[in-house]
Amino acid sequence: MYEEDSTGTIDFATALRDAITARGITLARLRERLTASGNPVSAATLSYWRSGARRPEGPQSLAAVDEIESLLHMDAGSLRRLVGPSQRVGPIGTPQYPLAAALLESATAETFIALGAPVMDPGRDVSTTAVTEVGADGFVISRTTRTLLQSTAGTITNVPYLDLTPGVRTPAPIFSVVAGGRISRVHSHPSGEVHGAMFELERPLGPAQTTMLEWKLEFPPEYPPNTETGHGVARRARELVLRTRFHPDALPDWIEEVEETPTQAIVTPLFLDGATTIHQVRQAWGPGMLVLRWGFGARE
């Protein structure tokens, strides 16, 4: 009888140990037979799999699991289905403040601390789509962000997000959760340039696991006129999509994209070409800030 883990499912390591015991085979002999079949696995790796310290990862290891099933006279797929999702997070790079955050490093760090979050949390935005709505006056009304969040280390239960206005003191915007969690805390730095919210996830996020979080940022009437939107990532993200929708009665005369990274800032003119919506896409990108700015009349 196989043991079950804390989620109520059969554990891969237990199933492998039981099968090895039932066949009366040693790890050394199993390794020899795997090598002879063209599926070599080191003795250390087999030991890790049997103890539960590691799980098979990648096509070569999974092919070896298929061969182990055959060598141990197990039903096809009975062991492989217990491997579970990959625990690898892929290349993430060294976390860094997006450039706008670096300019406010002290205020940003103090806001993270006030929210009860580490200055650099152990999560990353794998994929993010942010949609900004611009009103008839040409100013930002709201921004809705949908993020595929992944834990890079440990277990995550809360995720902080900040809104930054370098050099401009603003009242607190309104944070709200659309799906995936709830707001457990908000904080505004005394400078008025950094405002943050802590989102409590619907369920804890273990190593390499992902979840979707969708949240909205709205700007009250007393908020200074804002003709800029963007999103920053502290680690490399697989995909970042920014979509900005302009009111048909207030189409800007000029638009520019600003891509800010720790090494450079690139400004690129963009054009609506008769449309009311514009989007920006980056893949395998970050850390950095991707910004869209616009205005009316001649570009100063």
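Let's start at a bridge. G181 has its bridge partner in β6, and that partner is L201. Keep in mind that this is a predicted model.

β5 covers residues 181–188, and β6 covers residues 194–205. They pair in the antiparallel sense, over 7 bridges. Together they form a hairpin, with 5 residues between the strands. Look at G192 in the turn: its phi is positive, about 75 degrees.

The largest nonpolar core has 23 residues. Which residues have the most contacts inside it? F246 and I255. Several strands each supply at least two residues of this core: β2, β3, β6, β7 and β13. The largest share comes from β6, with 4 residues.

Next, I255 itself. Set aside its neighbours within four places in sequence. I255 is then in contact with F246, T268, P269, L270, L272, I278, L292, R293 and W294. There is also a second, separate core, of 22 residues. A19, A64, L72 and M74 are among them.

Last stop, T147. This residue sits in strand β2. Is T147 buried or exposed? Buried, because its relative accessible area is 0%, and the cut-off for buried is under 20%. T147 and S127 are 20 residues apart in sequence, yet their C-alpha atoms are 5.8 Å apart in space. Beyond four places in sequence, T147 is in contact with D125, S127, T128, Y161, T211, M212 and L213. With T128 there is also a polar contact, side chain to side chain, at 3.2 Å.

Key:
Residues numbered from 1 in each chain as written. Predicted model: local features only at pLDDT ≥ 70, side-chain atom pairs only at ≥ 80, totals over all residues. Heavy atoms only, no water. Pairing = 2+ DSSP bridges. Core = buried A, V, L, I, M, F, W, Y, C linked by side-chain atoms within 4.5 Å. Buried < 20%, exposed > 50% of the residue type's maximum accessible area, 1.4 Å probe, protein only. Contact = heavy atoms within 4.5 Å. Polar contact = N/O pair within 3.5 Å; in protein donor to acceptor, adjacent residues only side chain to side chain.
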